[in-house]
Amino acid sequence: MTLKSLFLASTLIPLATLAQSAEIWVTNEKDDTISVIDVDTLEVTRTIETGERPRGITFSKDFSRVYICASDSDTVQVMDPDTGEILFDLPSGEDPEQFVLHPDDRHLYIANEDDAITTVVDTQTRKVVAQIDVGIEPEGMAVSPDGKIAITTSETTNMAHWIDTETQELFANTLVDSRPRHAEFAQAGRELWVSAEIGGTVSIFDVASQSEKGKINFEVKGVHPDRVQPVGFEFTEDEKTAFVALGPSNHVAVVNAETYEVEDYILVGRRVWHMAFSPDKSKLFTTNGVSGDVTVIDVAKRTPIKTIKVGRFPWGAAMRP
Amino acid sequence: MRTAFIALAAIIQREALRFIRQRERFIAALVRPLVWLIVFAAGFRAALGLSITPPYQTYITYEIYIVPGLCGMIILFNGMQSALSLVYDREMGSMRLLLTSPLPRWWLLLCRLIAATVISGLQVYAFLAIAAIYGIHLPWQGYVLVLPALIIAGLTLGALGLALSSLIRQLENFAGVMNFVIFPMFFLSSALYPLWKMAESSELLHDICAVNPFTHVVELIRFALYGQLNLTALGWSALAGVVFLALALWGYDPSHGLTRHKR
């Protein structure tokens with residue numbers, strides 16, 4: 001190796017590492033793949049094979065691992081995001097649909113849709129820590145920022161189940177509207193938001209008292225109310241605004257998270273499901289299941305910029321900086 | 001050379017004055033596309049979004065789709081209106097006065113064409129401004145980049161009007177032109193519906209739309225509004241413009257044109 005090539009190698013490698021831009025990872029439910037979208041170029045840069053029917057997706061805190069709910073393979077796969085190689089499978093219980101990583105970066109809370117249980121898995125020992133009986137068809141999963149409360153929503157029982165993460169036992173159940181599909185803590189853990197797909201609402205609970213403190217209704221001009229089905233949602237950095245995916249109405253609602261008023265509706269692809277922000281939260285990427293694409297929204301302007309073709313039935317989305 | 005430009009300025013001024021003084025014409029020129037945008041497009045709103053076709057990068061509502069077609073409609077109607085005023089001038093005798101000018105006839109006709117294009121362009125910008133107030137926003141560069149497309153569209157459709165006016169003997173016959181030229185051209189194009197939608201119902205209709213020069217004019221405007229150049233549309237529009245202009249010059253040439261038989 002010449003001196004020149006040594007010099008080149010020493011300068012180019014760090015540059016190449018630096019040049020890697022942020023990505024959005026999207027699970028394609030019917031293709032058994034993940035599409036990786038470059039946040040800057042808005043192009044699909046990689047397609048990675050996964051287990052059967054990948055749905056929920058999340059990264060470890062240091063982004064060195066990506067966890068994927070391979071629902072029909074009845075497992076949670078752990079992947080190296082650099083190589084796309086499956087490192088190992090985690091025991092997840094049957095039909096894992098959605099999960100959430102505890103702030104300790106170690107425990108995964110997994111909703112087992114077919115078994116009406118929530119499984120808690122230790123990602124280090126790769127063992128099931130607890131299985132908690134919840135309502136029928138659990139789906140939405142959330143953990144409070146302090147890690148003390150985990151939430152499972154059950155689609156058929158129409159409830160949010162409150163789990164004490166120390167005892168791994170339910171300490172409250174609250175009724176929500178029909179078919180709750182997604183839950184998130186907001187306002188530094190003081191509020192819990194739960195979307196109800198058939199009910200067409202998002203309910204807001206006071207975490208301290210587990211009582212309902214507000215409800216958001218949606219109305220998309222020119223779209224039949226039956227098609228307005230809230231599913232996934234995300235908050236901006238300051239938690240002043242929430243973006244709510246409205247399923248087959250093909251719109252994302254922009255909600256004032258302080259007044260609970262809907263301020264805007266943004267047209268996206270067919271049956272919008274979940275979403276993920278770019279690292280600076282200037283762009284929002286929505287998964288559009290039926291049209292098989294991802295719409296990129298300019299968060300400040302609240303307008304769609306581009307729609308990117310991915311695999312069949314994109315479901316979950318996660319950001320990798 | 002200087003006199004040629006004086007003639008051009010005078011003709012543009014005359015057209016502009018005529019346009020401004022005929023307030024009904026000015027209002028009608030704006031109301032027509034606005035009715036299409038606010039009333040017609042509302043019925044076909046496509047709240048669930050139209051499939052993505054270039055130059056659009058994402059799903060759009062019908063109101064957004066129809067805007068370039070309505071810009072094309074303004075230019076098409078204005079081209080015809082300008083031709084109508086030529087027929088009027090011929091009937092009233094002011095055309096004869098114009099043709100006594102020592103300047104070549106083709107230059108005078110070209111001046112009329114440029115004047116009509118300037119008026120069309122102003123009308124389109126007025127329409128786009130109202131559409132923006134109505135809530136239809138385009139990329140800001142689009143408002144600038146559309147200008148060359150509007151000029152080509154104005155010249156092409158204006159030349160079509162000129163060619164037609166050389167065929168028309170009397171003012172009354174112009175109604176026929178409206179029925180047999182403007183409406184088929186407008187409806188058999190991509191102004192109101194994407195061509196793939198036409199293909200769904202009839203391949204023949206799709207093929208007719210695909211060769212209609214108005215389709216290419218509309219697509220040229222559509223792509224330009226989104227900062228893109230559609231070379232096929234540009235080629236077809238320019239070719240159609242040259243053919244129409246040649247026909248108009250031939251039609252107005254007293255030695256062998258069609259006007260000879262009309263005296």
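Mentor: A strand here is a DSSP run of E at least two residues long, and strands are numbered from the N terminus. Keep in mind that this is a predicted model.

Start with β16 and β17 of chain A, which cover residues 180-186 and 191-196. The loop between them holds Ala188(A). Ala188(A) is not a glycine, yet its phi is positive, about 55 degrees. Most residues other than glycine have a negative phi. Gln210(A) sits in the loop that runs from β18 (201-206) to β19 (211-217) of chain A. Its 15 C-beta neighbours inside 10 Å make it partly exposed.

Thr201(A) belongs to β18 of chain A. With 20 other C-beta atoms within 10 Å, Thr201(A) is buried. If neighbours within four places in sequence are set aside, its contacts are Asp177(A), Ala196(A), Lys215(A), Ile216(A), Asn217(A) and Pro230(A). Glu261(A) lies 60 residues away from Thr201(A) along the chain, and their C-alpha atoms are separated by 12 Å.

On one pairing, β12(A), residues 138-143, is joined to β13(A) by four bridges and runs antiparallel to it. Ala142(A) has Ile151(A) as its bridge partner in β13(A). Five residues separate β12(A) from β13(A) in a hairpin, and in its turn Gly147(A) has a positive phi of about 80 degrees. On another pairing, β13(A) meets β14(A), residues 159-164, over six bridges in the antiparallel sense. Ile151(A) stands opposite Trp162(A) of β14(A). This pair is also a hairpin, with four residues between the strands, and Asn158(A) in the turn has a positive phi of about 60 degrees.

Next come two open sheets of chain A. One has four strands in the order β3-β2-β1-β28, paired antiparallel. Its edge strands are β3 (44-49) and β28 (314-320), each of which pairs on one side only. From one strand to the next, the twist averages 20 degrees. Within this sheet, β1(A), residues 23-28, and β2(A), residues 33-38, are antiparallel and share six bridges. Glu23(A) has Asp38(A) as its bridge partner in β2(A).

The other open sheet also has four strands, in the order β20-β21-β22-β23, and is antiparallel. Here β20 (233-235) and β23 (262-267) of chain A each have a single partner strand, so one side of each is left without a neighbour in the sheet. The twist averages 20 degrees from one strand to the next. Five bridges link β22(A), residues 251-256, to β23(A), and these two run antiparallel. His251(A) is bridged to Leu267(A) of β23(A).

Apart from its neighbours within four places in sequence, it is in contact with Ser195(A), Val202(A), Pro230(A), Phe233(A), Val252(A), Ala253(A) and Val255(A). The largest nonpolar core has 149 residues, and those touching the most other members are Phe99(A), Val244(A), Val252(A), Leu76(B) and Ile221(B). Its largest share, 16 residues, is supplied by helix α3 of chain B, residues 62-92. That helix is mostly covered, with 25 of its 31 residues buried. It bends by about 30 degrees at Pro68(B). Just after α3(B), Gly93(B) has a positive phi of about 95 degrees.

Conventions:
Residues numbered from 1 in each chain as written. Chains lettered and ligands numbered in written order. Predicted model: local features only at pLDDT ≥ 70, side-chain atom pairs only at ≥ 80, totals over all residues. Pairing = 2+ DSSP bridges. Axes fitted to C-alpha atoms, helices over the stretch in contact; angles between N-to-C directions. Core = buried A, V, L, I, M, F, W, Y, C linked by C-beta atoms within 7 Å. Buried ≥ 20, exposed ≤ 12 C-beta atoms within 10 Å, placed from the backbone. Contact = placed C-beta atoms within 7 Å. Bend = angle between axes of the 7 residues up to and from the residue.
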